[in-house]
Amino acid sequence: MGDHTSNFRLTPEELATFEEQGFIGPIKVYEPEEMERRWKEIRRAIPDRSRAIYPEDSLGAVTNLSNYDRHLDIDLLSEHIMQRAIVERVASILGPDLLCWRTEFFPKYQGDEGTDWHQAATFAHSSGSPQIQWPSENNAPAFGGTITAWTAFTHSTKENGCLQLMPGTHRVMNYDESRGMSYNPDTINKREKESIKRGFFGYDYRELQKDPDWRPDESKAFSLVMQPGECVIFWSTLMHGSLPHTGSRTDYRMGFATRFVPTQVKVYPGLDDVSEYGGTIPLQNYGAVLVSGKDEYGINKLTDRSRRGHRFSPWDFRQTVGN
């Protein structure tokens, strides 16, 4: 897909900033008016799960799992994960051979709690099993993580629960995801942490802290206000969370996260299903999407088209990455 003219490759200065800070953005992917038009169409398509890869009865009472991987059955999301403005920048960081292994909606409605400060390296934090596994280095476990491109489908403000980041915190994990957390949906919107209403979709991320007495340094945090159509690209190991929604009912926030790894990373290693957030999703219809380059490892189940026949044609950045 596409020619070799590089429009979105990160400059050496941008890469250095990303290396130091753990994120880059906001970046404009769509004009606000186009994003609003696209979001209206996507929103109309969401209730139709007839082609969704996870059956309705597997999702549990709280619907976090229903927000997973709708790029495999909603055409505009199938387009979105291939957006060159995102993919080429991520390829600048991870190399030209890239998989999109998951997407998620992140809504925030009036009265919703903020999201706990957290980091994710293996994504075992709620399911108990690693969902991504980097190759080991010198017989030691790799550090891991995924590059997340979080796109604001609506305005994202301090009042409606925008993202918060702690720059430069992506190299050291403060949490041990293998400890596991206990799920209790009754705690949602009920807890305050450091005087801010926060939670993790029915979990308490503090249960994973390596040091139970450690507290996130809120002085390092900043709130990322974003326009519709803007995107932030960050390591999942960067300390991040969100503010609670204190705004009006009509001013909801919708974010959409696209998660990328290089092709040598194993996705859902040894797993037939994923149990988290009170539900269990079977993986028999799942496939990662090759968004750029080639898959020369053959260790993951891939799909080259959505459940509605949208064909995923990977970009070729091999001549523009690493030269």
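**Ground rules.** I am working with a predicted model, where local features need pLDDT of at least 70 and side-chain atom pairs count only at pLDDT 80 or more, while totals for chains, interfaces and linings use all residues. Residues are numbered from 1 along each chain as its sequence is written, and side-chain values use heavy atoms, with hydrogens and water left out.

**Overall.** I found 4 helices and 16 strands in the protein; these are DSSP runs numbered from the N terminus, helices being H or I with at least four residues and strands E with at least two. Along the principal axes, the C-alpha atoms fill a box of roughly 50 × 50 × 40 Å. I noted that 53% of the 323 residues count as buried (under 20% relative accessible area, with exposed over 50% and partly exposed in between; 1.4 Å probe, protein chains only).

**An open sheet.** Three strands are arranged in the order S9-S6-S11, with antiparallel pairing. Strands S9 (222–224) and S11 (240–242) stand at the edges with a single partner each, so one side of each lacks a neighbour in the sheet. I counted 3 bridges between S6 (residues 163–165) and S9; pairing requires that DSSP finds at least two bridges between two strands. Leu 163 sits opposite Leu 224 in S9.

**A hairpin.** S14 and S15 form a hairpin with 2 residues between them, and Tyr 277 in the turn has a positive phi of about 55°. Strands S14 (residues 273–276) and S15 run antiparallel, joined by 4 bridges, and Val 274 stands opposite Ile 281. Which residues of S15 are on the covered face, and which on the uncovered one? Gly 279 and Ile 281 are on the covered face, Thr 280 and Pro 282 on the uncovered one. I reminded myself that side chains in a regular strand alternate between the two faces of the sheet.

**Leu 76.** I found this residue in helix H3 (residues 75–80). Leu 76 counts as buried because its relative accessibility is 12%. Leaving aside residues up to four places away in sequence, Leu 76 touches Arg 38, Glu 41 and Ile 42 (contact means heavy atoms within 4.5 Å). Glu 41 is 35 residues away from Leu 76 along the chain, with 8.1 Å between their C-alpha atoms.
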